[in-house]
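Good morning, and thank you for making the time.

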Amino acid sequence: MKSYLNRSSISDAGFYKRGIGLMTTMIFLAGIQSCDRPKELAETEQDLQITVCGTVQFAGECGEEADSLISLGLALTHNMTYEEAEMIFAQVVDQYPDCFWGPWGQAMTFIHPLWSDAPPESRLQAGWELSRKSMKMAQSERQRQFATALAAYYQDGISKTEQERLRNFHQAWESAFEQFPDDLEIKSFYALSLIAVADPNDKNYEKQLKAGKLAEEILQTVPEHPGGIHYTIHAYDYPELAEKAIQAAENYSTIAPDVAHALHMPTHIYTRLGMWEKSIDWNRRSAKAALTHPADGAVSMHYFHALDYIVYAHLQRLEDEQVEMILKEVQQLQGPVQEHNATAYTLAALENRFALERQNWKKAAQIQARTPSFIDWEKFPEFEALFHYTAGLGAARSGQNGKAIKALQELENIKQKIKYPYWANQVDIQRETVNAWLLLAQGKKQEAVESMRLAAEMEKATSKHPITPGELLPASELLGDMLMELGKPEEALTHYEEALMRSPLRFNSLFGAAKAAETIGDVEKANDFYETLLSICPNAEVPNTKREHALSYLKKI
């Protein structure tokens, strides 16, 4: 597992180490700037070396030492390093049993609003008990607002869906914000809650823009606040908004240089803008950091999450040897791995993504579901669907209609098991896509285009989930491919351009747009698209007919 990361050009000089006791103290404030487990929880000398993870300013309520721990716990929570944050708040409970923030913080770390990994029943019950305890311990109206927001999520939580819990969570933070509009922590959690309940079909981005504005206000007061930076990136993690988060992306990598998730987060924006080299570099650093911080002895989900983004970027740059190295390392894993949505998604996506991006339809058709076997795929039906989507699309496009029909049935069966509406909708898009190409293979051209057009419209109406750098293949790109096959390059060009608006600088979309423009005689557009295509893959590692065509075309101009 070391070979790929060791080949990178990462410099350890970028990892700024600080001692356990390094904290900044302000008048009536304790602002912590370090980000790892405290000395009492350290198991090795290496654990005592910690790194900056931003500044949280916390008003003194439980004493200076307790407040420093609470600040650290809050910073870790904003960085979404929830396991470590839970450990810190557990220490607050042990050492300062009368402090409100200990039980409150513990329960808060069970809630992962943007991760689609709802707490199991045992955690919902434990969180409810902790929220009730914190409510009884609240000694001020501010503390009662924090406790109320927590209880809003957990009350009757077992009988509610995660979406219902998050809506209650959001409403409570909104009420808290109305009472304390200048409180940075309330403002942070309110911004987070807005992102959590934002409608992915709302192309006006009302809640996302509101959350981004709140996060930017936090940064005006505390430029290194991890919540302000982190939530700015999530709020603007959309093609139309990504430019707004460039500065936050650049800043995040400096305040948390050895926190895997913080190193990864800037690449949400880099991916949105097609900045492939930066995405690869920062995700390499994230993956390396994740390997040095296992999750209870298992390979961290942050490692896998970074790998998927790396592979996606390498594929756009035609760096297939790098992709093959990563796939080989993952195939050699025997576990244990952290059981998490990001782990399951990555393990389902990597090989499928490689086959589909290279349009190797026969290889795609041979994809075997539920691999690797050490993942309990019953828990992740929405990601198991990726195997059947890949196999079905590959089969439909390589003359294996029976296999495509079987994949369609598997996708329908899987959809019935999915709890989250977003992922159920993704499976609908996948089914419609496979069906479209099956119809084309059956000679039903008009029905095929109608089906593929429907898939593209469905995809356009929603947004990419943060768990993925991009769909295995964009539906608009596939619609362009189908229209090109049917001799309709002018219409195809429109859809390739739509795909590039959603996912800038994708290799296949660029080639499709260039080829369509070339076919209709639009020399200027063809020239621009081919030049752009060549600019993103200057170090292509394998021969590629599309790249060769671009080179040949430009030589004639």
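Are α15 and α16 roughly parallel or roughly antiparallel to each other? Before I answer, please keep in mind that this is a predicted model, in which local features need pLDDT of at least 70 and side-chain atom pairs count only at pLDDT 80 or more, while totals for chains, interfaces and linings use all residues. Residues are numbered from 1 along each chain as its sequence is written, and side-chain values use heavy atoms, with hydrogens and water left out.

Now to the answer. Two packed helices are described by the angle between their axes and the distance between the axes. For α15 and helix α16, which covers residues 320–331, the angle is about 155° and the axes lie 9 Å apart. The helices here are DSSP runs of H or I with at least four residues, numbered from the N terminus, and the axes are lines fitted to C-alpha atoms over the stretch in contact, with angles running from 0 to 180 degrees between N-to-C directions. Because angles over 145 degrees count as roughly antiparallel, while those under 35 are roughly parallel, 65 to 115 roughly perpendicular and the rest oblique, α15 and α16 are roughly antiparallel to each other. Their crossing is left-handed, a term used if the near helix is turned anticlockwise from the far one by less than a right angle, with clockwise giving right-handed.

Another pair can be described in these terms. The axes of α21 and helix α22, residues 445–460, come within 8 Å and cross at roughly 160°, and therefore α21 and α22 are roughly antiparallel to each other. The crossing of α21 and α22 is left-handed.

Let me turn to the loop between α15 and α16, where L318 is found. Most residues other than glycine have a negative phi, and most peptide bonds are trans. The phi of L318, however, is positive, near 60°, and L318 is buried, with a relative accessible area of 1%; buried means under 20%, exposed over 50%, and partly exposed in between, using a 1.4 Å probe and protein chains only. L505, in the loop between α24 (489–502) and α25 (507–520), also has a positive phi, about 60°, although it is not a glycine, but L505 is partly exposed at 25% relative accessible area. As for the peptide bonds, a cis bond with omega of about 0° joins T371 and P372, and P372 is found in the loop between α18 (361–365) and α19.

On a 1 Å grid over the protein atoms alone, a cavity is a set of points where a 1.4 Å probe fits but cannot get out, whereas a pocket is an open set with protein on both sides within 12 Å along at least five of seven lines, and lining residues have an atom within 4 Å of a point. Grid points are joined across faces, edges and corners, and a volume is the space filled by probe spheres set on the points.

How many cavities of 30 Å³ or more does a search of the whole structure find? The search finds four, and the largest cavity has a volume of about 200 Å³. Its lining holds 17 residues, with L386, Q426, Q430, E471 and L472 nearest the centre. The elements giving two or more residues to this lining are α19 (381–396) and α21 (421–441), and α21 provides the largest share, six residues.

The second largest cavity has a volume of about 130 Å³, and of the 14 residues lining it, L114, W115, H305, P466 and I467 are the closest to its centre.

Finally, the largest pocket has a volume of about 1,200 Å³. It is lined by 36 residues, of which D117, A118, P119, P120 and N341 are the closest to its centre. Helices α3 (82–95), α5 (121–137), α7 (162–179) and α19 each supply at least two residues of that lining.
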